[in-house]
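Subject: Structure handover

Hello,

Here is the structure I promised to pass on. Please open it alongside this message; my notes follow below.

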Amino acid sequence: MSLIQETDYGTPVAVSDKTVTVTIDGSQVSVPEGTSVMRASMEAGIKVPKLCATDMVDAFGSCRLCLVEIEGKRGTPASCTTPVEEGMVVHTQTGRLKDLRRGVMELYISDHPLDCLTCAANGDCELQDMAGAVGLRDVRYGYEGDGHVQARQNGEANPLYKPKDESNPYFTYDPSKCIVCSRCVRACEEVQGTFALTIEGRGFDSRVSAGMSETFLASECVSCGACVQACPTATLQEKSVIDIGQPEHSVVTTCAYCGVGCSFKAEMRGEELVRMVPYKDGKANRGHSCVKGRFAYGYASHSDRILNPMIRENISDPWKEVSWDEALAFAAGRLRTIEDTYGKQANGVITSSRCTNEETYLVQKLARAVFGNNNTDTCARVCHSPTGYGLGQAFGTSAGTQDFDSVEQSDVVLVIGANPTDGHPVFASRLKKRLRQGAELIVIDPRRIDLVKSPHVKAAHHLPLRPGTNVAIVTAMAHVIVTEGLFDEAFIRERCDWDEFQDYVEFVSHERNSPEAVELLTGVQPQTVREAARLFARGGNGAIYYGLGVTEHSQGSTTVIGIANLAMLTGNIGRPGVGVNPLRGQNNVQGSCDMGSFPHELPGYRHVEGAEVRNIFETAWGVSISDEPGLRIPNMLDAAVEGTFKGLYVQGEDILQSDPDTKHVSAGLAAMDCVIVHDLFLNETSHYAHVFLPGSTFLEKDGTFTNAERRINRVRKVLSPRNGYADWEVTQLLANALGAEWDYTHPSQIMAEIAATTPSFANVTYELLDEQGSVQWPCNDEMPNGSPIMHTDGFVRGKGRFIRTDYVATDEKTGPRFPLLLTTGRILSQYNVGAQTRRTANSVWHEEDLLEIHPHDAELRGLKDGDWVKLASRSGETSLRATVSDRVSPGVVYTTFHHPDTQANVITTDYSDWATNCPEYKVTAVQVSQSNGPSDWQTEYNSFASKSRRIEAAE
Amino acid sequence: MAGAMPMHEITERTAAIVDGYLHVEGPLLPILHDVQATFGHVPDAAVEKIADLLNLSRAEVHGVKSFYHDFQTSPAGHHVLKVCRAEACQAVGGDALGDAIQKALGLDWHETSADGTVTLEPVYCLGLCSCAPAVMLDGELRGRLKPRDAEALAAEVRR
């Protein structure tokens with residue numbers, strides 16, 4: 001194994017139908033028109049020396065090292081800023097150029113420290129490489145003059161010297177090593193789109209400044225790492241490289257945080273992870289990353305990680321560390337006893353959206369083939385189950401229609417109930433890039449998210465609706481499109497069921513669905529709704545991106561259907577730049593749904609009632625499969641309270657913290673006889689567990705994740721599992737302890753079984769993934785290399801289906817006791833319940849959950865910024881600190897759910913989506929009042945939690 | 001003085017200035033000029049307000065502001081004396097003139113006197129090379145100065 005070196009072509013790829021042929025140092029090369037001479041040279045295998053150019057950002061032409069001579073042209077133009085012309089004859093190495101380059105390097109080095117041997121970038125420094133490339137042998141200017149390097153020969157203080165900025169937990173900024181190439185500034189602007197960096201001053205005083213001469217931590221910097229990646233020297237350097245040294249081999253793998261599914265090179269030194277570097281060939285992220293994937297992997301080696309199996313008789317006992325054999329025998333014994341006593345239906349599993357496809361497949365197989373029931377559910381129940389239902393009804397598949405590249409061709413982007421800059425930051429950067437090129441943006445969100453207005457991005461329309469009224473607003477937009485005749489009749493006639501469309505027109509045209517009529521419900525100005533609808537219908541390629549703000553409602557499925565209606569009405573389906581795109585929350589939530597995690601569906605979204613489908617699996621597995629749909633998570637908990645459901649195997653999910661109505665979850669768990677938690681940490685659910693099986697991280701196993709674009713990405717093992725086994729092995733051990741006799745020796749065999757049984761995965765093999773990098777399902781004989789865009793020649797279900805979307809108000813209503821509406825979300829630096837990110841330095845950005853409250857509501861209650869407040873709903877109460885902000889409208893409060901201390905889900909109710917039971921996290925009627933500190937529940941829970949985490953000392 | 005001006009007044013007056021330029025293409029430089037003229041410097045609070053209203057990042061506005069020496073970070077003195085330090089002036093005794101002026105005012109380059117009467121700034125070419133060495137006092141050029149003129153200049157700004 002060696003370190004993967006990616007070619008840096010110097011300038012971004014040019015797209016053109018025309019090809020231009022040029023001669024460079026005697027070699028002919030044909031490139032698209034608009035390509036730079038530098039990139040054309042690199043295509044011909046000729047490296048032109050360079051410092052300020054890199055192919056992630058546009059050419060800048062400042063370092064003067066890439067000069068070339070072109071026959072028939074005067075002077076020595078910079079190859080990075082000079083586009084190729086037909087017949088051009090270029091010389092990259094002449095006597096004149098050598099002298100010029102050596103002269104330029106002399107100037108650079110005269111103001112650069114000569115500590116190469118002890119420098120962290122030693123071995124990975126472009127300045128060092130270029131000094132070698134141009135043959136620099138001495139510096140005639142000496143080092144005694146004015147300079148930014150601290151070492152002054154005469155011992156005087158140096159006012160030009162600035163000390164290192166070490167404020168960011170993951171990288172350092174050392175101004176003394178800076179050559180002012182602006183690559184970091186341009187990466188921050190062009191790649192990330194935050195504009196946190198600038199070059200301050202002029203001439204010899206120029207240097208990189210974060211914000212207004214602030215520290216990186218205090219500035220607008222979001223720590224995505226693009227600047228560190230762009231820096232050619234050690235000026236911006238990962239602290240891990242400073243600590244460890246240069247990596248010696250690397251492996252391409254997939255990030256285990258959000259549903260974007262970024263590809264990274266895990267750069268290793270032996271079995272030590274040195275750094276994660278985004279991979280330019282990664283088709284989801286195209287070489288970009290966010291603070292989580294790039295830096296927040298420290299949880300894998302955190303001291304909280306449990307590495308040995310543990311068991312206990314009762315949940316009030318301390319844990320006892322035991323051997324794997326003993327733990328598995330104990331678990332299997334209890335599950336068998338439950339089955340014998342309460343029947344086959346008394347055991348169940350919960351699959352994880354964080355584990356691989358192969359692992360998820362095995363967990364649902366455990367329920368179906370070993371427990372003999374369909375009691376399998378997954379955390380997608382609490383996030384995107386309405387997407388599965390809604391898109392399945394309208395289009396025939398339960399997944400997003402596009403790839404992420406598609407956004408580069410969108411003209412109008414509609415973002416509903418999603419906060420991409422925090423939740424899906426790498427996609428947000430790609431979206432912002434398109435917006436800076438002139439695409440229009442419409443945001444439907446109760447809160448003023450960053451996309452509504454941030455540097456160089458401004459939404460054309462923001463519809464700050466009241467939480468819970470998505471259906472009303474989406475239907476009102478459709479009303480405008482239909483009644484003003486803005487719909488795409490040709491598309492609808494060709495692609496959709498015309499009779500159903502007529503019925504839908506009759507429904508949607510009704511006055512009660514007009515923006516004016518629904519204003520009372522939504523609180524959004526009718527004129528804004530009308531303008532937004534017109535823009536979306538007539539603005540060119542219209543793409544819809546949505547998140548949990550759509551699904552986690554009592555009418556989540558209806559809103560998804562409404563979104564599908566909007567896309568079909570305007571003909572925005574089936575080509576690049578358009579489509580309906582759910583932004584999936586977790587790395588493999590798409591995959592866990594595809595793999596048959598739901599109680600009513602076998603892998604590939606096929607209902608368990610279908611004898612034909614059951615037959616496929618019955619043959620493959622050699623068992624008979626129940627045709628009765630199993631229990632959903634809330635039903636499992638209800639059944640547990642009633643005493644009919646007793647055993648649960650939970651892989652990689654913390655239902656106690658992430659599921660709604662915490663008290664109901666804890667009552668259900670407490671009523672069970674055998675709760676097996678398979679996780680990295682003693683999570684909140686484990687307080688009610690009898691068996692703890694230690695899990696492995698994404699760095700410690702092979703497998704695949706499927707991201708929000710249906711892209712199947714490889715996860716590759718770079719470390720041996722610290723707990724001894726990859727998660728798929730643990731599930732297999734448990735199954736075998738129950739007598740299953742599974743004999744998988746590698747996840748590729750599990751994928752082969754998936755491909756053999758599931759049509760949309762028919763042609764997926766590890767060989768294909770290695771060859772292509774990744775593929776998007778469906779991947780079968782018809783689409784052997786996968787399907788970037790779906791429904792190109794007609795909908796999967798045949799004709800697209802328009803369905804009426806009647807607005808029904810949620811039962812969760814405000815009143816005198818609970819006058820405010822609480823909605824929840826997440827923040828960039830933390831991920832979901834925070835099990836991983838809270839165990840990394842990301843906590844410097846977000847130490848605790850805060851309650852955002854409008855100044856008006858705060859004043860009424862006498863609250864100031866930073867006050868402890870009590871947050872109470874019909875379900876329960878908790879306390880947290882308030883932050884006063886006009887990002888939320890009056891009457892609305894907002895918080896995140898990253899910290900178990902806050903237990904925001906003590907507050908949320910058990911109302912849920914009518915079709916899928918997806919909980920209504922996004923709307924809870926609450927009251928906010930002054931408080932002195934944590935609530936009784938929090939204090940009690942904390943003492944209970946620390947008691948449950950006791951581990952008996954080894955004898 | 002602007003230094004004592006309350007924050008909300010800075011942001012309000014900056015907002016009013018920005019408002020007048022929103023129709024202009026590339027409004028940032030004229031806005032910075034007006035802010036400098038209004039407050040005698042460009043306060044950080046104004047930079048943040050400009051960034052917000054033009055939908056730029058504060059880093060970008062800071063980058064532009066710091067590129068131009070005339071956009072100052074702290075309030076300048078009542079009088080501003082700029083002394084040319086470029087080649088043509090140096091060739092005919094500019095250094096000696098500079099030393100004499102520093103001594104007469106008791107100030108180093110970029111300093112403002114404690115009583116706020118005068119700020120001393122070095123500049124690199126006033127475009128008056130034919131009459132070197134040259135200085136500029138409050139926007140008015142003076143040429144062919146000798147070190148002995150320093151005291152008179154000092155007396156003039158102290159008046």
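Just past helix H10 of chain A, Gly396(A) has a positive phi of about 105 degrees. Keep in mind that this is a predicted model.

H10(A) itself spans residues 385–394 and is mostly covered. Eight of its 10 residues are buried. They are Ser385(A), Pro386(A), Thr387(A), Gly388(A), Tyr389(A), Gly390(A), Leu391(A) and Ala394(A). What lies over them? The cover includes helix H18 (548–551), helix H19 (556–569), strand E22 (579–582) and helix H20 (589–594), which belong to chain A.

H19(A) has another partner to look at. Helix H13 of chain A, residues 470–483, packs with H19(A) at an angle of about 20 degrees. The two axes are 9 Å apart. An angle under 35 degrees counts as roughly parallel, so H13(A) and H19(A) are roughly parallel to each other. Their crossing is left-handed. On the H13(A) side, the contact is made by Asn470(A), Val471(A), Val474(A), Thr475(A), Met477(A), Ala478(A), Ile481(A) and Val482(A). H19(A) brings Thr558(A), Thr559(A), Gly562(A), Ile563(A), Asn565(A), Leu566(A) and Leu569(A). By class, this contact of H13(A) with H19(A) holds nine nonpolar and six polar residues, and no charged ones.

Next, a sheet in chain A. Three strands form an open sheet, in the order E28-E29-E30, with antiparallel pairing. Strands E28 (703–706) and E30 (774–776) of chain A have a single partner strand each, so they stand at the edges, and one side of each is left without a neighbour in the sheet. From one strand to the next, the twist averages 30 degrees. E28(A) and strand E29 of chain A, residues 711–715, are joined by four bridges.

Now to where the chains meet. The contact takes 19 residues from chain A and 12 residues from chain B. On the chain A side, strand E6 (197–200) and strand E7 (207–210) are the elements that give two or more residues. Which of them gives the most to the side of chain A that touches chain B? That is E6(A), with four residues. By class, the residues on this side of chain A divide into seven nonpolar, seven polar and five charged.

That leaves chain B. Its secondary structure comes to seven helices and four strands. From the N terminus on, the order is α-α-α-α-β-α-α-β-β-β-α. The C-alpha atoms of chain B fill a box of roughly 50 × 30 × 20 Å along the principal axes. Chain B has 159 residues, and 31% of them count as buried. Among the contacts in chain B with a separation of 6 or more, 64% come from residues 24 or more positions apart.

H1(B) covers residues 7–19, and H2(B) covers residues 28–39. They pack at an angle of about 140 degrees, with their axes 10 Å apart. H1(B) and H2(B) are therefore oblique to each other. Is their crossing left-handed or right-handed? The crossing of H1(B) and H2(B) is right-handed. From H1(B), the residues in contact are Ile10(B), Arg13(B), Thr14(B), Ile17(B) and Val18(B). They meet Ile31(B), Asp34(B), Val35(B), Thr38(B) and Phe39(B) in H2(B). By class, the contact of H1(B) with H2(B) has six nonpolar, two polar and two charged residues.

Last, the strands of chain B. Strand E1(B), residues 79–84, pairs with strand E2(B), residues 118–123, in the parallel sense. Six bridges link E1(B) and E2(B). Val80(B) stands opposite Thr119(B) in E2(B). E1(B) also pairs with strand E3(B), residues 135–137, over three bridges, and here the two run antiparallel. Lys82(B) has Met136(B) in E3(B) as its bridge partner.

Best wishes

Definitions and conventions: Residues are numbered from 1 along each chain as its sequence is written. Chains are lettered from A and ligands numbered from 1 in the order in which they are written. This is a predicted model: local features need pLDDT of at least 70, side-chain atom pairs count only at pLDDT 80 or more; totals for chains, interfaces and linings use all residues. Axes are lines fitted to C-alpha atoms, for helices over the stretch in contact, and angles run from 0 to 180 degrees between N-to-C directions. Angles under 35 degrees count as roughly parallel, over 145 as roughly antiparallel, 65 to 115 as roughly perpendicular and the rest as oblique. A crossing is left-handed if the near helix is turned anticlockwise from the far one by less than a right angle, and right-handed if clockwise. Two residues are in contact if their C-beta atoms, placed from the backbone, lie within 7 Å. Ala, Val, Leu, Ile, Met, Phe, Trp, Tyr, Cys and Pro count as nonpolar, Asp, Glu, Lys and Arg as charged, and the others, Gly among them, as polar. A residue is buried if 20 or more other C-beta atoms lie within 10 Å of its own, exposed if 12 or fewer, and partly exposed in between; C-beta atoms are placed from the backbone. Two strands pair if DSSP finds at least two bridges between them.
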